[in-house]
Amino acid sequence: MKISWNNIETIEQYLSGNLKTVEALLFKARLLIDPVLRQQVILQEKTYALVRLFARREIKSRLDRTHRKLFNHPEKKAFQQSILQLFSKP
Amino acid sequence: MEVLERNNLAQRRMVTENAFEELYEQAFPLVAKFVSKMNGSFQDAKDIFHDALIIFYEKQNAQAITVQVADKVYILGIAKHLWLRKFKQTRGHVSLDDLEQDISIPEDYYQENKENNRLLSLLQISGRKCLELLRAIYYDKLGLPAVVHVFGYQNVRSATVQKYKCLEKVRDKVKEKSISYEDLLE
């Protein structure tokens, strides 16, 4: 288990450009000869991309809630009108 | 002081629902005005504004905003770029000042990826807790002490262990559920 985490940690440092020059060279050499490691790197990149996608979706639905709230709240009438009048056809 | 404020947005977001709301009220009028000038609809203004806010948030977290300018002005700059990209208009129609010229949009922002959408739906069912933790660390860029506080871990060490456990869990799930296996072996 520990070995696997070390691997994850090293891949993380490699992907974020935080390995020292020598370590990075060694890692690249390992990548050349180790297809499993190559696959792990790709999977880990994909994992970060999915976390980003997840986060963007979550914020988007939160912004939708904020939007609904602002455009339905009676106290925000002035704000609503100032925006809506921009889009009313003359 | 302002920089301090900015870096705290993520922390504040975890604590209060209002962080985005204030920014919404300040910045949406500017973006709406721009979109209406470009003959866009209310819906266009909303969509572009939401994307601009997300990108703004990402840039803040990555400390990629180095100019001293009001948040709403920067958000308008992002919105202009998004408008150009979305409606494929030439820059001639949209005037960009020096500050706005320098704004970049994340490469992957408009990349639709069916495979990732499918994987995310699966992950949200089986690994939502891990996604939340990884999001806080990698996307919101909360420091580990803040993560300990927000997620109720014992200490930084146990949060770190959990981070790697989650990375491994999600990575294994991605491996298990990927169809485009060839992609992985490229």
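This is a short tour of a predicted model, from one chain to the next. Residues are numbered from 1 along each chain as its sequence is written, chains are lettered from A and ligands numbered from 1 in the order in which they are written. Because the model is predicted, local features need pLDDT of at least 70 and side-chain atom pairs count only at pLDDT 80 or more, while totals for chains, interfaces and linings use all residues.

Start by selecting chains A and B together. Here 31 residues of chain A are in contact with 35 residues of chain B (C-beta atoms, placed from the backbone, within 7 Å). On the chain A side, helix 1 (2–15), helix 3 (35–72) and helix 4 (77–87) each give two or more residues; helices are DSSP runs of H or I with at least four residues, strands runs of E with at least two, numbered from the N terminus. Helix 3 of chain A gives the most, 22 residues. By type, this side of chain A holds 18 nonpolar residues (Ala, Val, Leu, Ile, Met, Phe, Trp, Tyr, Cys and Pro), 6 charged (Asp, Glu, Lys and Arg) and 7 polar (the others, Gly among them).

Next, select helix 3 of chain A. Its 38 residues reach 56 Å from first C-alpha to last, close to the expected 56 Å (1.5 Å times one less than the number of residues). Buried residues in helix 3 of chain A include A:Gln40, A:Gln44, A:Leu50, A:Phe54 and A:Ile59 (20 or more other C-beta atoms within 10 Å of the residue's own, with C-beta atoms placed from the backbone).

Finally, select chain B. It has 11 helices and 0 strands. Of its 186 residues, 27% are buried. Among chain B contacts between residues at least 6 apart in sequence, 57% join residues at least 24 apart.

Note on methods: Contact = placed C-beta atoms within 7 Å. Buried ≥ 20, exposed ≤ 12 C-beta atoms within 10 Å, placed from the backbone.
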